[in-house]
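Hi everyone, thanks for coming along. Let me bring the model up on the screen, and then we can walk through it together.

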Amino acid sequence: MGRLFGFLSVVIVMAIGIYIYARQVESSSAPAGANNPKAAINITAVRSDLISIASSERRYFATEGKYASFDELISTNYITIARQRPPYTYEVQTSSSGFRVVATRSGDDASGTPAQLSVDENMEFQTSQ
């Protein structure tokens with residue numbers, strides 16, 4: 001009887017583990033709410049661009065003591081990223097105390113990608129539908 005109880009316990013624990021693993025894989029396979037693989041790849045690339053721009057902005061602040069516009073980052077060779085990755089366009093919003101890099105989607109998109117992604121000076125991401 002003890003062996004049967006032990007075997008059933010192992011089976012139940014394995015089933016719970018597999019369920020949790022399946023839920024995590026399901027949620028991580030569609031970053032930022034994208035519903036298809038092409039959109040997921042695009043969102044991943046946009047997030048990578050935002051991280052690069054934000055890192056460049058932080059480096060610029062460390063050397064110059066102020067935050068720079070997108071054009072200044074390009075002209076001073078801090079970044080080599082284009083202003084857009086279709087269907088997203090990039091914009092840098094600066095203030096004396098911080099910055100925000102925003103990627104805005106143009107047009108309607110049925111793939112479930114967010115309308116806007118942004119990252120701030122603390123490297124925190126926000127999305128909006």
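Here is one to start with: which residue in E3 does Thr89 stand opposite? The residue opposite Thr89 is Thr104 in E3. I'll come back to that strand in a moment.

Some housekeeping before I go on. What you see is a predicted model, so to speak about local features I need pLDDT of at least 70, side-chain atom pairs count only at pLDDT 80 or more, and totals for chains, interfaces and linings use all residues. Residues are numbered from 1 along each chain as its sequence is written, and side-chain values use heavy atoms, with hydrogens and water left out.

When I say helix or strand, I mean DSSP runs numbered from the N terminus, with helices being H or I of at least four residues and strands E of at least two. Two strands pair, for me, if DSSP finds at least two bridges between them.

So, the sheet. It is open, has five strands in the order E1-E2-E3-E4-E5, and its pairing is antiparallel. At the edges stand E1 and strand E5 (125–128), each with a single partner strand, so one side of each has no neighbour in the sheet.

Let's go across it. E1 and E2 are antiparallel and share two bridges, and Arg85 stands opposite Tyr88 in E2. Next, strand E2 (residues 88–94) is joined to E3 by seven bridges, again antiparallel, and a hairpin of four residues connects the two. From E3 we step to strand E4 (residues 116–120), antiparallel, through five bridges; here Val101 has Val119 in E4 as its bridge partner. Finally, four bridges pair E4 with E5 in the antiparallel sense, and Val119 turns up again, this time with Phe125 in E5 as its bridge partner. E4 and E5 also form a hairpin, with four residues between them, and Met123 in that turn has a positive phi of about 60°.

How many of the seven residues of strand E3 (residues 99–105) are buried? Five are, so E3 is largely enclosed by the rest of the structure. By buried I mean under 20% relative accessible area, while exposed is over 50% and partly exposed is in between, using a 1.4 Å probe and protein chains only.

Now to the helix over the sheet. H2 lies across E1, E2, E3, E4 and E5, running at about 25° to E2. That angle is between axes, which are lines fitted to C-alpha atoms, for helices over the stretch in contact, and it runs from 0 to 180 degrees between N-to-C directions. Contact, here and below, means heavy atoms within 4.5 Å.

Leaving out residues up to four places away in sequence, Asn42 touches Arg85, Pro86, Pro87 and Tyr88. Asp49 is also found in helix H2 (residues 37–64), is buried at 9%, and, with that exclusion of residues up to four places away, touches Ile81, Arg85 and Tyr90.

What about the nonpolar core? I use that term for a set of buried Ala, Val, Leu, Ile, Met, Phe, Trp, Tyr and Cys residues joined through side-chain atoms within 4.5 Å. The largest one has 21 residues, and Leu50, Ile53, Tyr90 and Val101 have the most contacts inside it. H2, helix H3 (70–75), E2, E3 and E4 each give two or more residues to this core, and H2 gives the most, with six.

Last, the rings. Phe, Tyr and Trp rings (the six-membered one for Trp) pair if their centres lie within 6.5 Å, and planes under 30 degrees apart count as stacked, over 60 as edge-to-face and the rest as tilted. The whole structure has three aromatic pairs. Tyr60 and Tyr78 have ring centres 5.2 Å apart and planes at 75°, so they are edge-to-face. Tyr67 and Phe99 also have centres 5.2 Å apart, but their planes are at 55°, so that pair is tilted. Tyr67 is in the loop between H2 and H3 and Phe99 is in strand E3, 32 residues apart, and both are buried. Ring pairs link Phe61, Tyr67 and Phe99 into a cluster.
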